[in-house]
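Keep the viewer open as you read.

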Amino acid sequence: VKRVFSGIQPTGDLHIGNYLGAMVNYVALGERLGRDAIYCIVDYHAPTNPAAYDKHLLAQRTFEAALLNIAAGLDPDKVILFVQSHVPEHTELAWVFTTQTPYGDLTRMTQFKDKAAKLESVPAGLLMYPVLMAADILIYKADTVPVGDDQTQHLELAREIARRWNLEYGETFPEPQIYLNPNAPRVPGVDGKAKMSKSVGNTIGLLEDEASIWAKIRTMPDDPARIRLSDPGDPERSVVFKFLSYFAPAELVQVLREEYARRGIGTLVVKELLMQEMMKTLRPIRQRAEGLRAEPARVLDALEDGARRARAIARATLEEVREKFGLLPLP
Ligand code: AQP
């Protein structure tokens, strides 16, 4: 791992799926790599999904996404944190890639198919989303991309775009590899079914009110085979245990698993402990978020510094791309 890049959308409150699947790795890789850890609030991606985009909220949500990442432990004095639209080279490279990417490669993307199926009018930007994502990554020549496993197919396409470019125009880009959190590659929703996702509404928000979180945990489904307390429960099939494993120490999880399986305890006890353990992670994030909200200049200054650093790298790559692509040099 030499350089990492990852993006996060400013489409409403970040949830524990984003936190466990991606943000935890941002922090860890940032500690290791310093300024070679590059993180971006991808505001130009947001309007590709009209259901999640609001022009009156975009700026505020972009600021909030940056603030929450810092509150979750990302140190902008160590890494590069910036806003995508502040580095316009991303969209310029995306256009170059758009001209070189087969249409069929884009229409077969499952996220495109799923999201397009829910829309009456499908913006072309939704189809181009993975091309812009490839440009986001490749403009920094990043070799590693910490994301959740829902991004696997998009990342394969980014590798394909890099490979095709290198063959046609000469070695330029590394083929970026996905970097998953082995403990939480895909966090399920509170219903235990689909992946936790803003658009499905099955999330636990990082800043969500404690009473509201408890209401969701209290009604979480148990092992479907366990109807009465006297039935043996299988922790492997319980979403409550899945969530517990994200937040509680391994020894505690082990003890509870054994108790649960031999009918020593009911789900409610496990749920109460889950709530306690989860809040141990969330409370400090909330406190730091509150502190940052009182000093917005700290976030805005960090984003300004990040954009300056990111842009210097992005400009150099784009210059190389322009030349290899055969464009008339800039006047
Ligand atoms: N459930 C999840 N488990 C693990 N990782 C997840 N990520 C998202 N959901 C899960 C990862 O979080 C990062 C940022 O996600 P994003 O905001 O860029 O977009 P997203 O994947 O579109 O988030 P949502 O909540 O799923 O939104 P919608 O409903 O609009 O699709 C990414 O690295 C993502 O993999």
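## From fold to binding site

The protein chain is built from 12 helices and five strands. Its radius of gyration comes out at 21 Å, close to the 20 Å that the globule rule gives for 331 residues, so the chain is as compact as a globular protein of that length. Keep in mind that you're looking at a predicted model.

What about the inside? Of the 331 residues in the protein chain, 39% are buried. And if you take the contacts with a separation of 6 or more, 77% of them link residues 24 or more positions apart.

Now zoom in on the ligand. It is surrounded by 20 residues, and the closest are Gly17, Gly21, Val147, Gly148 and Ser199. Helix H1, covering residues 16–33, gives the most to this shell, with four residues. Sorted by class, the shell has nine polar, seven nonpolar and four charged residues.

One more stop: Asp136, where UniProt places the feature "binding site", in an unreviewed entry. You'll find Asp136 in helix H6, which runs over residues 124–138. Is Asp136 buried or exposed? It has 27 C-beta neighbours inside 10 Å, so it counts as buried, the cut-off being 20 or more. Leaving out residues up to four places away in sequence, Asp136 touches Phe5, Gly7, Cys40, Val42, Gln84 and His90.

Note on methods. Residues are numbered from 1 along each chain as its sequence is written. This is a predicted model: local features need pLDDT of at least 70, side-chain atom pairs count only at pLDDT 80 or more; totals for chains, interfaces and linings use all residues. Helices (H or I, at least four residues) and strands (E, at least two) are DSSP runs, numbered from the N terminus. The radius of gyration is taken over C-alpha atoms; the globule rule is 2.2 Å times the number of residues to the power 0.38. A residue is buried if 20 or more other C-beta atoms lie within 10 Å of its own, exposed if 12 or fewer, and partly exposed in between; C-beta atoms are placed from the backbone. Two residues are in contact if their C-beta atoms, placed from the backbone, lie within 7 Å. A residue is near a molecule or strand if its C-beta atom, placed from the backbone, lies within 6 Å of it. Ala, Val, Leu, Ile, Met, Phe, Trp, Tyr, Cys and Pro count as nonpolar, Asp, Glu, Lys and Arg as charged, and the others, Gly among them, as polar. UniProt positions are given in the numbering used here, feature names are shortened, and annotations may be inferred rather than shown by experiment.
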